[in-house]
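Please look through the sequence and the model below before reading on. The paragraphs after them go from the sheet to the helices and then to a single residue.

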Amino acid sequence: VRELVHLHVKVLATPNIPVATMIASMQQVYQTAGIGVICASVESLNLPDLRDLDVGSCVRGQTTAEQDLLFANRNNVGANDVVAYLVRSTVPPYNGCAAHPAGRPGAVVVQGATTWTFGHEIGHVLGLNHVDDNDRLMTGNGTSNITNPPPNLVATEVTTMIASNLTDRP
């Protein structure tokens, strides 16, 4: 492992796939890039008004008032640590959304997300964009359409991830 991502999980709605399984899937894919994933904490949040989260157009650098409220919940999270917030749903409906307020890196993942959604959404947080290839983690066609688990990361994606200030040397 050349680099590490410190991941914190904040649970507003229990996912259909266990958190440990989603983290293990993320670790499996990121390991191919030489990036380790450490689950630094798991915390339940009692925020019923944010369980169905308004994410607007879900564009990098643009957040809604609800995203700003949710992403303020960073107990025990370091400045360069990443948070995955598990919510019941997003409005409009997505499996996840990686748009986050400046200085609060993280993503939202919905209750019904696939085992690859954690890795996909945190990939966006680390600077990756969608691609039109269902063999790759960053497919823009939905992680449920991944055709070769575990999905691939290509060399340019690995370079981008390692260059992120959210990955560090162990």
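What follows describes the sheet, the helices packed on it, and one threonine.

This is a predicted model, in which local features need pLDDT of at least 70 and side-chain atom pairs count only at pLDDT 80 or more, while totals for chains, interfaces and linings use all residues. Residues are numbered from 1 along each chain as its sequence is written, and side-chain values use heavy atoms, with hydrogens and water left out.

The sheet is open and mixed, with five strands in the order β2-β1-β4-β7-β6. Its edges are β2 and β6 (96–97), each of which pairs on one side only. Strands here are DSSP runs of E of at least two residues, helices are runs of H or I of at least four, and both are numbered from the N terminus; two strands pair if DSSP finds at least two bridges between them. Strand β1 (residues 3–11) runs parallel to β4 (residues 82–87), and five bridges join them. Lys10 stands opposite Tyr85 in β4. With β2, β1 pairs in the parallel sense over nine bridges, and Ser41 in β2 is the bridge partner of His8.

Together with α1, strands β1 and β2 make a right-handed β-α-β unit: with the strands pointing away from the viewer, the path from the first strand over the helix to the second runs clockwise. Helix α1 lies across β1, β2 and β4, at about 160° to β2. Such angles run from 0 to 180 degrees between N-to-C directions, the axes being lines fitted to C-alpha atoms, for helices over the stretch in contact.

Helix α4 (residues 155–163) has Glu157, Val158 and Met161 buried, buried meaning under 20% relative accessible area, exposed over 50% and partly exposed in between (1.4 Å probe, protein chains only). These three cover an arc of only 100° around the axis, which puts them on the same side of α4; the arc is that of the directions from the helix axis to the C-beta atoms. The buried residues pack against α1 (19–31) and β2 (35–44). On the face turned away from the buried side are the exposed residues Ala155, Thr156, Thr159 and Ala163.

Thr167 is in the segment after α4 and counts as buried, at 7% relative accessibility. Its side chain reaches the backbone oxygen of Met161 at 3.1 Å. Leaving aside neighbours within four places in sequence, Thr167 is in contact (heavy atoms within 4.5 Å) with Glu3, Leu4, Val5, Leu126, Met161 and Ile162.

Technical notes:
Polar contact = N/O pair within 3.5 Å; in protein donor to acceptor, adjacent residues only side chain to side chain.
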